[in-house]
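This report looks at helix packing and at charged side-chain pairs. The sequence and model come first.

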Amino acid sequence: AVVDVAIQDYVADVAAELIYQNKSQTSTEVLFVFPLGHHMAIYSFQARSEDATVQAVLQDEVQQLHEATGGWENLEYLQNQSEYPGEVFACFLGALSPGREVVVTLRYVQELPREPDGAARFVLPRTLHPYTTLYRRAFALPRAMFLLAVWNCRTSKLHYSLLLTASLQSSRGVVNVQANFALTPLIYTAQDHSTAQVSLAGSPPHHHDLELLVYYGDPTTVSAVVEKGDPGAPPGSLLGDPMVLVTLAPSIPEAVPGQRQSGEFIFLLNTTFLEHAQVPPHSRDQDGDSLLFLLKSLPLGCYFNIYCYEETSVGIYPQSVEYTQDNLTEAMRRIPSTGSSLGDSNLLETLRSVYNTPRPRRHPRQLFIFMAGLPPDEEAIAAEVCRHRNSHRCFSFCFSEDSAALAMALAKETGGEAAYVSSGGSMSLVVLKCLKQALKPAAEGVSLSWTLPRGLEVEVLGGTPQSIFQGQHNLLYAQIHGQAQDTTVAKGVMTLQYSLDGQDVTYTIEFPLCPQGDGRLAGHRLAARCLLKRLLPEALSGSGEEPRHRAVEISLTSGIICPFTSYVGVRTPQRVTWYQRPLALLPPHQSLIPCQIIELRGSRISSCLPKSIWVPPGWLTAARASWLALRQLTHDIAALPQRGACSKACKPPPPFFSSLKYVDCMEFGLYSSILWRWCTEAVAKCQDLVALQNADGSWALSSGLASVLEVNEDEIKGKMPDAVIEPSIWATVLAVTWLHRHDECYQDLCELLEAKAVTWLCSQAVSQLDKCLETANTLLGSSVKPSVFRL
């Protein structure tokens, strides 16, 4: 493999040439499959042999040329039989004779994640670096050649070589490059260090992913760089005009746990969540569930609301209310009791109701969505969330594999997180982990303004996010339209404004108007991908043909697929002769072959076990033929009058939908049965204590608290230090001490609750805490250190 990577700030363009040789004594069927990661898009694919060339071409799906290939069954078989779940680019190339080779050329673009230290992180896909650990060639195996990276625990040496070169560019200067493999010395190709090159040194390691970290100069995390357009594209078009690549990751300090904090937290619940949230009935009271931990852990100063969307699409409150003790008590009272699930049919209506309610000023909106099964209107739900992606963040939780794809799509689209909760497992740890992420501070009221020479204007494709959370990296695409009237002005100015903890912050960034870039148009293509996603909700809403026509035009000109276009593999013979083994197993006169982006429906919850299967030559053709015959038989049986209409299983796969991905369970927060068991027991032991805590973090001195602490109430009152004026101070110290008496076994569950309690204590009686802690340790037989109370 020869791989050329061009990285500009946080955008990568990858060109790869892969040469596959059939060294066996028999013909081998070739199926090229390339898994597509998040923020990745293929824009060019070609396969060449001595006999023919196959080029992937985008076509308007209205033309339905992909149906003329007559070979979709190969990809449909792969879609249903693969163990790998996820979106892949697939092309069935057919038979490769002994001693022959096929050369695959692949080009794709990708947004790169930003590490906490500011580095751009690039990982070479498994197909381009097929090492053996956790890798297997699809459908494994000897005598069959299939080019698909999937997960397995099979290990065997793969014979391949790799040449990797990375070209690096940034207006801030390339400072350093780090990798988990041997690199050649960094070579600068510009005096200002704005461009550089580095390559793989020697043979690649065969036991892990190849990762590259690129560090840039200028510690600012807000930048803008202009990429030149395509000279061959008409001015005013997406590819023709210059594109500004904007990086937004402003410096946001850590929040002090337990202090007042802004934010609007909206919880969308169904009855199944309420059932899953319960701990064992013998040890719970009316508030003893995960919802209790979730609501009690919210900080003072925020706003909240709850929607039980199987009952109604209206919230418990008409709009979000301030987090106070009275509002919290009333909300818990209004939550309906658990019962039989009615299904998720009202989720879409509820989301629309939420989006139509006003958001408290300077309070970033975050949704916690709980789903039992897959809603029937999943595409409309994804489109609705996508339409409002700039105004909020989603944390989604699912209890079944069916809804996993939607849960992940909603989270990724809005910059949130998703979690899968296995049956019978406590979800408190999962929910609280996401809440800790949601409580990170944010820059609110984000706005961008531009100063450019007269005649030029800027359009931010997809809009600007209203909030930027700590650790979040936003890559925006802004296109420059028009012709400058004053050509002597060589720079533009971008101004970023936002509010942080009530203070207004302004960043001013200058950028050269002279377009840069190597002509590969990585930023333009990713901008096309971004714009296509924004057009999708409008195009699917049935509001006219214009959004669809616009999406098709952008897709065809940029090479980035959308739901309204489809790949077609066009074969061009290189010599007009009859030969025995043509590429793509097609008659010489047939020029179209199956080539498409598809969603594999592999098991998302499966064990990783070694497998060794011998597959004879031609196995895919035979297996597919048997599968098609069985499917046809099923279709015929289903069509019998006594059985009714054909089942859904007989229908062809649904059209490509860019917002819904089949995802792997490894991307979710999963916990072992031992950890679930521990968590359930921990919840059962401390839920009564949590139920007694007030919204401000304090506890009242009561018989209920004495019962939880397993100490006589009179003894608790008698041991209260004389210096303590307020009994709730003594009660709160006892509660926090009790949480720590078992070597912090409740830390993950009660970290937020405890932080709120300690903050309240420090604001009330710092001088009394030493004596209170000493007495509490004696009473409870513990040895909690003063550092727990920030002493």
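Are α6 and α7 roughly parallel or roughly antiparallel to each other? They are roughly parallel, a label for angles under 35 degrees, where over 145 counts as roughly antiparallel, 65 to 115 as roughly perpendicular and the rest as oblique.

This is a predicted model, in which local features need pLDDT of at least 70, side-chain atom pairs count only at pLDDT 80 or more, and totals for chains, interfaces and linings use all residues. Residues are numbered from 1 along each chain as its sequence is written, and side-chain values use heavy atoms, with hydrogens and water left out.

**Helix packing**

Helix α6 spans residues 378–387 and helix α7 residues 404–414. They pack at an angle of about 10 degrees, with axes 10 Å apart. Axes are lines fitted to C-alpha atoms, for helices over the stretch in contact, and angles run from 0 to 180 degrees between N-to-C directions. Helices (H or I, at least four residues) and strands (E, at least two) are DSSP runs, numbered from the N terminus.

From α6, the contact (heavy atoms within 4.5 Å) uses E378, I381, A382, V385 and C386. L406, L410, E413 and T414 supply the α7 side. These residues divide into 6 nonpolar, 1 polar and 2 charged. Here Ala, Val, Leu, Ile, Met, Phe, Trp, Tyr, Cys and Pro count as nonpolar, Asp, Glu, Lys and Arg as charged, and the others, Gly among them, as polar.

**Salt bridges**

A salt bridge is a side-chain nitrogen of Lys or Arg within 4 Å of a carboxyl oxygen of Asp or Glu. The count is 24 salt bridges. E413 belongs to a network of them with R389, K533 and R534.

| Pair | Closest N and O atoms |
|---|---|
| R548 and D60 | 3.0 Å |
| R126 and D209 | 2.6 Å |
| R334 and E330 | 2.8 Å |

R548 and D60 form a salt bridge. This pair links distant parts of the chain, 488 residues apart: R548 lies in helix α10 (residues 546–558), D60 in strand β5 (residues 52–60). R548 is buried at 13% relative accessibility, and D60 is buried at 15%. Buried means under 20% relative accessible area, exposed over 50%, partly exposed in between (1.4 Å probe, protein chains only).

R126 is also buried, at 18%.

R334 and E330 are 4 residues apart in helix α4 (residues 325–334), so about one helical turn separates them. R334 is partly exposed at 38%, and E330 is partly exposed at 23%.
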